[in-house]
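Please open the model in your viewer and keep the selection tool at hand.

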Amino acid sequence: MEIYLPIAEMSVHWLIVLGLGGAIGFLSGLFGVGGGFLLTPLLIFYGVPAEVAVATTASHITASSISGALAQWRRRALDLKMGAVMAAGGLGGSVFGVWLFTVMRRVGQMDLLVSASYVILLGTVGGLMLSESLAALRRSRGGAPPPRRAPHTWMHGLPFKMRFRESRLYISVIPPIVIGIFVGILSAIMGVGGGFVIVPAMIYLLRMPTNVVMGTSLFQIIIVTAATTILQATTNYSVDIMLALFLILGGVIGAQFGVRAGERLRGEQLRLLLALLVLAVALRLLVGLVLKPDDLYTVTTVAR
Amino acid sequence: MKRPAAIALSLCLSVAPAMATEDVVAGLSQDSVQIQSNYTGTDIVVFGAIEHLEDTGSNDIVVVVRGPDADMTVRQKQWVAGIWINRDQAKLLAMPSYYFIASTRPLDKIASSFTLERYAMGLNNVEPARAISHHDPEPFRQAVVRHKQDDGLYGEMPAGVELQSPTLFRARIPVPATVPRGTYDVEVYLFRDGTVISAQSTPLFIDQAGLELRLYNFAHKKPFSYGVVTVLMASFLGWLSSVFFRRNE
């Protein structure tokens, strides 16, 4: 049965959308990521207008993150205060990102903005993850101990310090806010939750204990993607609730299978697979920018 | 805005009755198309008859269906610093969002290119009311025609009008799932030896219906509430799945 998407203004087969949501949910359960970085490009390849894909994916991530965050909350593995500080920055970033998105759409460079952000960000993160996971695999074979964390950094000299009890940290609020702003912008222009940026930033920059990292990042992702959804709906009218419904239904089911499959694989292997996946998406989008397109012309209809 | 075709049509009609007695009457299989959740595209059947047919000369029927006008921005990619990015652009104001033309024979066999241009018949003659561009807008116009053809929203059907008898004709016009909403104009022309001797115009309404219409209106009239509802739906489904699957473990 075909369903008509009222905002994307196109017909899609509900099984395809449900399956797409399920596949992304499976991967997000497997790797513990939101999967927005895969969902947005896949929707665009499928023919959904880029602005609808970006905005609707944000609501999909809200749903999958709530599912995950509730599980972490029950284990008390969540630093609410840190999450709130980062979300405050994230809201600012999201407002800026949606504005940037609107401006770029008007001047016709929105596709470039989305593609280029993906190539740069996924290329960098994928490359770092690949080298890190390869090193970890080599270490686990060689038996050498992992490198020790540096005890003190320049960040401890910043003002506006705050105590984060669950994270056992006494640090300036500036780094978490800046990270939040950055991730908020990503959420608005790429339709991603930004977990693949927040998690490493929390571990390596803020030096939060790993047990609260997952829950806290999910908490901040919920706030930011929910705000992004509402902002995109009010500014660009680009959130498709029918598309969101089917993607979410597929996603929450797929995620459960993903979690179970993930329990059978080792952490380093998972990270290696995820790194390869991230790099593949970046490469695919890079090819789209570099290769001569079949048709040099694009047509955008402006509502009268 | 008055289109050249419409002006030409009214001019022609004021003269036509004096020259010929032949007339065309036409109807549509349906006055309106409702786009609902299971809408995958349909066909509109345009049917009609030639009245007071005279045996001499050759008669041809041309059916033109035009969708509501829209402004289009066409961008051209150029190779800059190793990547292809949008550089050049043209704005085409008031291009039809949908254009299908069906005829009994290929258009160039029916009338001269001058006549076809005057009535805006054929994909070569679909023009915007105005083009804003730094140079020749023709490649940009052609790009629109090409894209719209790929989307199934523009088309020429040189044998699309079938004559079931010397006086009865019928044409099937596709209305794909991606059609824009609005008031369409169905024009039926009777050609005799290369000139229009009769014409008729009928409106066709295409609109979303039911849930789709309500969602579309909700999203555009109360965007904030719509965004909040989407987030609440997402939150509820997320919560539901966490409750449901926890019980299974």
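**Conventions**

This is a predicted model, in which local features need pLDDT of at least 70 and side-chain atom pairs count only at pLDDT 80 or more, while totals for chains, interfaces and linings use all residues. Residues are numbered from 1 along each chain as its sequence is written, and chains are lettered from A and ligands numbered from 1 in the order in which they are written.

**Stop 1: chain B as a whole**

Select chain B and colour it by secondary structure. Six helices and 13 strands make up its secondary structure; helices (H or I, at least four residues) and strands (E, at least two) are DSSP runs, numbered from the N terminus. Of the 249 residues of chain B, 34% count as buried. A residue is buried if 20 or more other C-beta atoms lie within 10 Å of its own, exposed if 12 or fewer, and partly exposed in between, with C-beta atoms placed from the backbone.

Two residues are in contact if their C-beta atoms, placed from the backbone, lie within 7 Å. Among contacts in chain B between residues at least 6 apart in sequence, 72% join residues at least 24 apart.

**Stop 2: the two domains of chain B**

Colour domain 1 (4-208) and domain 2 (209-249) of chain B separately; domain bounds come from an automatic or database domain assignment. The C-alpha centres of domain 1 and domain 2 of chain B lie 40 Å apart. Six residues from domain 1 of chain B and six residues from domain 2 of chain B form their contact. On the side of domain 1 of chain B that touches domain 2, the elements giving two or more residues are strand E2 (32-35) and strand E13 (195-208) of chain B. By class, this side of domain 1 has one nonpolar, four polar and one charged residues. Here Ala, Val, Leu, Ile, Met, Phe, Trp, Tyr, Cys and Pro count as nonpolar, Asp, Glu, Lys and Arg as charged, and the others, Gly among them, as polar.

**Stop 3: where the chains touch**

Now show both chains. How many residues does the contact take from chain A and from chain B? It takes 47 residues from chain A and 50 residues from chain B. On the side of chain A that touches chain B, the elements giving two or more residues include strand E1 (2-5), helix H3 (50-74) and helix H9 (241-262) of chain A. This side of chain A has 30 nonpolar, 13 polar and four charged residues.

**Stop 4: the cores**

A nonpolar core is a set of buried Ala, Val, Leu, Ile, Met, Phe, Trp, Tyr and Cys residues joined through C-beta atoms within 7 Å. Select Leu5(A), Val62(B), Val63(B) and Val188(B): they have the most contacts inside the largest nonpolar core, which has 141 residues. Helix H8 (residues 210-235) of chain A gives the most to this core, with 14 residues. Next, centre the view on Val63(B). Not counting residues up to four places away in sequence, Val63(B) touches Val46(B), Ala102(B), Val161(B), Ala171(B) and Val188(B).

**Stop 5: a helix pair in chain A**

Select residues 36-46 (helix H2) and 267-290 (helix H10) of chain A. Phe37(A), Leu38(A) and Pro41(A) in H2(A) meet Val278(A), Val281(A) and Leu285(A) in H10(A). The residues of this contact divide into six nonpolar, no polar and no charged.

**Stop 6: single residues**

Select Leu116(B), which lies in helix H3 (residues 113-118) of chain B. Leu116(B) counts as partly exposed because it has 18 C-beta neighbours inside 10 Å. The C-alpha atoms of Leu116(B) and Val243(B), 127 residues apart along the chain, are separated by 66 Å.

Most residues other than glycine have a negative phi. Turn to Asp193(B), which has a positive phi of about 50° although it is not a glycine. Asp193(B) is placed in the loop between strand E12 (182-192) and E13 of chain B. Is Asp193(B) buried or exposed? Asp193(B) is exposed, because 12 other C-beta atoms lie within 10 Å.

Finish at Pro159(A), in the loop between helix H5 (110-142) and strand E3 (161-164) of chain A. Pro159(A) is exposed, with 7 other C-beta atoms within 10 Å.

Note on methods. Axes are lines fitted to C-alpha atoms, for helices over the stretch in contact, and angles run from 0 to 180 degrees between N-to-C directions.
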